[in-house]
Each structure stands twice: as structure tokens, then as C-alpha cells.
Amino acid sequence: MLKRYQDKFQQPTCILRFLLMVSPIVIFTVLIRHSLPLVFHGLLIVTGWCTWTFVEYILHRFWMHDKNSGSTMTEYHVHHHKNPNEHVVTNFHRIAMMAVLTVLVLIAKYLDNYFTFFLGFCVGFEMYLLIHRFIHLRIGQRVFKRLVRYHIYHHCKYTDTCFGVTVPWWDDLFKTVPSAPKITQRIVDFYFKDHTQSENLLVVDYVDPIHGDREKNSCNHDCSSCKVSLKNCSSR
């Protein structure tokens with residue numbers, strides 16, 4: 001009963017904490033609009049981007065993983081968990097969003113007002129489109145080590161944690177990071193779709209991200225028997 005009560009208020013609690021954090025910045029931004037225009041627009045862009053990262057976290061945690069939703073968003077997300085390198089968003093969408101951002105920059109410059117906040121929000125969305133694709137590539141480990149590690153946790157074993165994609169700090173703040181994560185190298189290979197090992201290996205044990213049920217996926221790796229640890233994965 002207590003857990004159900006706590007779960008019900010988790011989303012509004014997160015939103016309230018976010019509003020309390022950004023309120024001083026918003027008030028300061030309003031006060032300096034005419035005296036420090038460059039700082040004004042800079043703060044609007046940063047605040048807009050930061051707002052997107054929070055919205056991204058909320059959507060992922062409470063909407064895409066809603067057990068009772070049955071929405072198209074949830075279905076797409078379940079499919080992405082089962083097929084980590086299959087993305088609904090394509091390079092065309094990413095390039096198109098860049099073109100949209102170019103137009104928004106011109107509009108923001110012309111209006112010279114709070115529209116810049118919306119520009120920052122859209123910049124955050126474009127960064128999400130780019131970073132999400134990048135952290136599903138092995139090269140992403142060199143640039144976004146922590147983000148990749150968190151995303152592997154979320155995809156492969158701890159699906160009720162690590163909901164942030166472009167930044168890790170909302171998971172740290174709201175304590176949605178596994179306390180003692182253990183990930184094997186073969187799970188990492190499944191995440192990156194590295195099917196170069198022996199064909200005699202069994203299928204990996206997959207945890208459904210919505211219902212928590214264990215299913216069999218298409219990977220031919222036996223993660224349960226693998227003793228090779230992912231470097232730095234056991235430390236936060």
C-alpha cells in the first residue's frame with residue numbers, strides 16, 4: 001500500500017523539485033532582460049535545453065515504461081529494448097531537425113524575446129536525437145562513457161533505472177541508478193549487436209522493460225554464463 005502511494009506521487013514530486021530548482025534562474029533571467037541582453041538569451045537557451053533533458057527523463061520513466069498505458073509510445077519503446085539498434089528516428093529526421101533549428105535561430109534573433117527558451121528546448125531535442133544514436137555505437141564509449149554505461153544498465157538488466165539519455169544527473173538526483181550493477185561483456189555485445197562469437201552459445205535472458213517478465217531475445221549470447229566483466233561497469 002505504501003509503495004503504491006509513493007509510486008503515484010513520484011512524477012509530481014519530480015516535477016515539483018525541478019520547478020523549485022529552475023525558479024531562481026527564471027526570476028533572475030526576467031530581471032536582467034534589458035540590462036544584460038546577451039546573458040538573458042544565454043540563460044534562456046541553457047534553461048530551455050535543461051528543461052528538455054528533464055522532460056526526456058519524465059517521458060522515459062513515467063510514460064514509456066507505464067505498464068498500464070498500452071500507448072504507441074510504449075509499444076515503440078518495448079520494441080527498441082528488444083532491438084537496441086533499431087531506431088524509429090533516422091538520419092533524415094536528425095538533418096531535418098537541424099534545418100528547423102536554423103529557422104528557429106533566425107526567428108529568435110528577430111523576436112529578441114522569450115522565444116529563445118523554445119529554441120533552447122529544441123536544441124535539447126536535437127541533442128537527444130544525436131546522442132541517443134551515438135551511445136548505441138561502440139565509439140560512443142570514448143566520448144560518453146557514463147551515458148553509455150547507464151544506457152546499457154537500462155537496456156540490458158536494470159530496466160527500471162537510468163532513464164536519462166542525454167544527461168545522467170536526473171537519474172543521480174532522483175536516485176534511479178542501480179546500487180550495485182553487474183553487467184557481463186556478452187550483454188554489452190548484445191547491446192552493440194556484436195554477434196561475432198561462437199554460434200553454440202545460448203540465448204540471452206532478457207527482461208521486459210514494461211512488465212518485468214523474462215523473455216528470450218534474438219541474441220545468441222549466453223550472458224548468464226559469461227564471466228568477463230565490463231570494464232568500469234561495477235562502479236558508479
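This is a predicted model: local features need pLDDT of at least 70, side-chain atom pairs count only at pLDDT 80 or more; totals for chains, interfaces and linings use all residues.
On the side of α5, the contact is made by Arg 94, Met 97, Met 98, Leu 101, Leu 104, Val 105, Ile 107, Ala 108 and Leu 111. On the side of α6, the residues in this contact include Phe 115, Phe 118, Leu 119, Cys 122, Phe 125, Leu 129 and Arg 133. By class, the residues of the contact of α5 with α6 comprise 16 nonpolar, 1 polar and 3 charged.

The loop between α5 and α6 contains Asp 112. The phi angle of Asp 112 is near 55 degrees, a positive value in a residue other than glycine. Most residues other than glycine have a negative phi. With a relative accessibility of 44%, Asp 112 counts as partly exposed. A phi near 55 degrees, again positive in a residue other than glycine, is found for Lys 175. This residue, Lys 175, is placed in the loop between α9 (169-173) and α10 (185-191). Lys 175 has a relative accessible area of 71% and is therefore exposed.

The chain as a whole holds 10 helices and 2 strands. Along the sequence, these elements follow the pattern α-α-α-α-α-α-α-α-α-α-β-β. Of the 236 residues in the chain, 42% are buried. Among contacts in the chain with a separation of 6 or more, 66% are between residues 24 or more positions apart.

A further helix pair is formed by α2, residues 10-31, and α3. The angle at which α2 and α3 pack is about 180 degrees, and their axes are 11 Å apart. This angle makes α2 roughly antiparallel to α3. From α2, the contact involves Gln 10, Gln 11, Cys 14, Ile 15, Phe 18, Ile 25, Phe 28 and Thr 29. From α3, the residues involved include Phe 40, Leu 43, Leu 44, Thr 47, Cys 50, Phe 54 and Trp 63. The contact of α2 with α3 divides into 13 nonpolar, 5 polar and 1 charged residues.

Helix α3 also packs against α6, and the axes of these two helices come within 7 Å and cross at roughly 45 degrees. The helices α3 and α6 are therefore oblique to each other. The crossing of α3 and α6 is right-handed. Contributions from α3 come from His 41, Leu 44, Ile 45, Thr 47, Gly 48, Trp 49, Thr 51, Trp 52, Val 55 and Glu 56. Those from α6 come from Thr 116, Phe 117, Leu 119, Gly 120, Phe 121, Gly 124, Phe 125, Met 127 and Tyr 128. The contact of α3 with α6 has 11 nonpolar, 7 polar and 1 charged residues.

Two residues of these helices can be described individually. Thr 47 is placed in helix α3, which spans residues 37-63. Thr 47 has a relative accessibility of 11% and therefore counts as buried. Apart from neighbours within four places in sequence, Thr 47 is in contact with Ile 25 and Phe 117. Thr 47 takes part in the contact of α2 with α3 and in the contact of α3 with α6.

Tyr 128 belongs to helix α6. Its relative accessible area of 17% makes Tyr 128 buried. When residues up to four places away in sequence are not counted, Tyr 128 touches Trp 52, Glu 56, Val 165 and Thr 166. Tyr 128 and Val 165 are 37 residues apart along the chain, and their C-alpha atoms are separated by 6.9 Å.

Cysteine residues were examined for disulfides. A disulfide is a covalent bond between the sulfur atoms of two cysteines. With a pair of cysteine sulfur atoms required to be within 2.5 Å, the count comes to 0 disulfides. Cys 14 has a relative accessibility of 5% and counts as buried. Cys 156, at 8% relative accessibility, also counts as buried.

How values were computed:
Residues are numbered from 1 along each chain as its sequence is written. Side-chain values use heavy atoms; hydrogens and water are left out. Contact means heavy atoms within 4.5 Å. Helices (H or I, at least four residues) and strands (E, at least two) are DSSP runs, numbered from the N terminus. Ala, Val, Leu, Ile, Met, Phe, Trp, Tyr, Cys and Pro count as nonpolar, Asp, Glu, Lys and Arg as charged, and the others, Gly among them, as polar. Buried means under 20% relative accessible area, exposed over 50%, partly exposed in between (1.4 Å probe, protein chains only). Axes are lines fitted to C-alpha atoms, for helices over the stretch in contact, and angles run from 0 to 180 degrees between N-to-C directions. Angles under 35 degrees count as roughly parallel, over 145 as roughly antiparallel, 65 to 115 as roughly perpendicular and the rest as oblique. A crossing is left-handed if the near helix is turned anticlockwise from the far one by less than a right angle, and right-handed if clockwise.
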